[in-house]
Amino acid sequence: MKQIENYGEALTYGIEQLKEGPISLPLLQKVQHLLEQDINLPYGGPRSLRINLRIIPFSESLPSNTHAQPLSQESLSESLEKLQLLFQDKVLPPLIQSALCYSHFVTLAPSSGMNPHVGRLLLNLLLMDRKVLPFPMLSLSPYFEATRETYDWHLDNSPMEGSLAEWLIYFINGVAVQAEDTLDRSLK
């Protein structure tokens, strides 16, 4: 129950912050802190940005292929800056931007713990910021959970395999499936 309450508080905070400025890593760090507040976490209390990362799919904008690169300590700041720039990109179509931001954020794993939860909250904030959603009504969690093996493969392997297009198709299909489900439930 506390997790649901925290999610509502974190989402409200994120929406209010959109009125003040753009999506940023400090905003997501605060969102994560609110999500983790007063709940039992296997790794302790709320976490800060990590200092060691796994991999990040490299992309200047929307390349024909990507290459996973081991992330060194020296490239941490550069990788986080690229993610920050992707948050601010208004040239990419909103769903493409959201798919790229989500996969980069979760794959980059800038913090321990609840990255998928923060990432899914990030999706709604991005789509609201781009005026695609009037309020946070898209939940990809059921789709990601129902297709967990495919989801994990895309996040773990597609950057290394260079199959960005496959991730985008998977993600946009998830948006379509969940949007239809949301519409069906709202009509009942």
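## Basis of the model

The model is predicted: local features need pLDDT of at least 70, side-chain atom pairs count only at pLDDT 80 or more, and totals for chains, interfaces and linings use all residues. Residues are numbered from 1 along each chain as its sequence is written, and side-chain values use heavy atoms, with hydrogens and water left out.

## Overall layout

The protein has nine helices and two strands. Both are DSSP runs numbered from the N terminus: helices are H or I with at least four residues, strands are E with at least two. From the N terminus on, the order is α-α-β-β-α-α-α-α-α-α-α.

Of the 188 residues, 44% count as buried. Buried means under 20% relative accessible area, exposed means over 50%, and partly exposed lies in between (1.4 Å probe, protein chains only). Take the contacts with a separation of 6 or more: residues 24 or more positions apart account for 67% of them. Contact means heavy atoms within 4.5 Å.

## Helices α1 and α2

Helix α1 spans residues 2-20 and helix α2 spans residues 25-36. Their axes lie 7 Å apart and pack at an angle of about 160°. Axes are lines fitted to C-alpha atoms, for helices over the stretch in contact, and angles run from 0 to 180 degrees between N-to-C directions. α1 and α2 are therefore roughly antiparallel to each other. The classes are set by angle: under 35 degrees is roughly parallel, over 145 roughly antiparallel, 65 to 115 roughly perpendicular, and the rest oblique.

The crossing of α1 and α2 is right-handed. A crossing is left-handed if the near helix is turned anticlockwise from the far one by less than a right angle, and right-handed if clockwise. From α1, the contact uses N6, Y7, E9, A10, Y13, G14 and Q17; from α2, it uses L27, K30, V31, L34, L35 and E36. These residues divide into seven nonpolar, three polar and three charged. Ala, Val, Leu, Ile, Met, Phe, Trp, Tyr, Cys and Pro count as nonpolar; Asp, Glu, Lys and Arg as charged; the others, Gly among them, as polar.

## Two sites around this pair

E36 lies in helix α2. E36 counts as buried, at 1% relative accessibility.

G21 sits in the loop between α1 and α2. At 24% relative accessibility, G21 counts as partly exposed. G21 and D129 are 108 residues apart along the chain, and their C-alpha atoms are separated by 9.9 Å.

## Helices α7 and α9

Helix α7 covers residues 148-156 and helix α9 covers residues 164-187. Their axes come within 10 Å and cross at roughly 145°. α7 passes α9 in a left-handed crossing. T150, Y151, W153, H154 and L155 of α7 meet E166, W167 and Y170 of α9. By class, this contact has five nonpolar, two polar and one charged residues.

α9 has 24 residues. From first C-alpha to last, α9 reaches 35 Å, close to the 34 Å expected at 1.5 Å a residue. The expected span is 1.5 Å times one less than the number of residues. Buried residues in α9 are L164, W167, L168, Y170, F171, G174, V175 and Q178.

Q178 has a relative accessible area of 6%. Leaving out residues up to four places away in sequence, Q178 touches L138, S139, L140, P142 and Y143.
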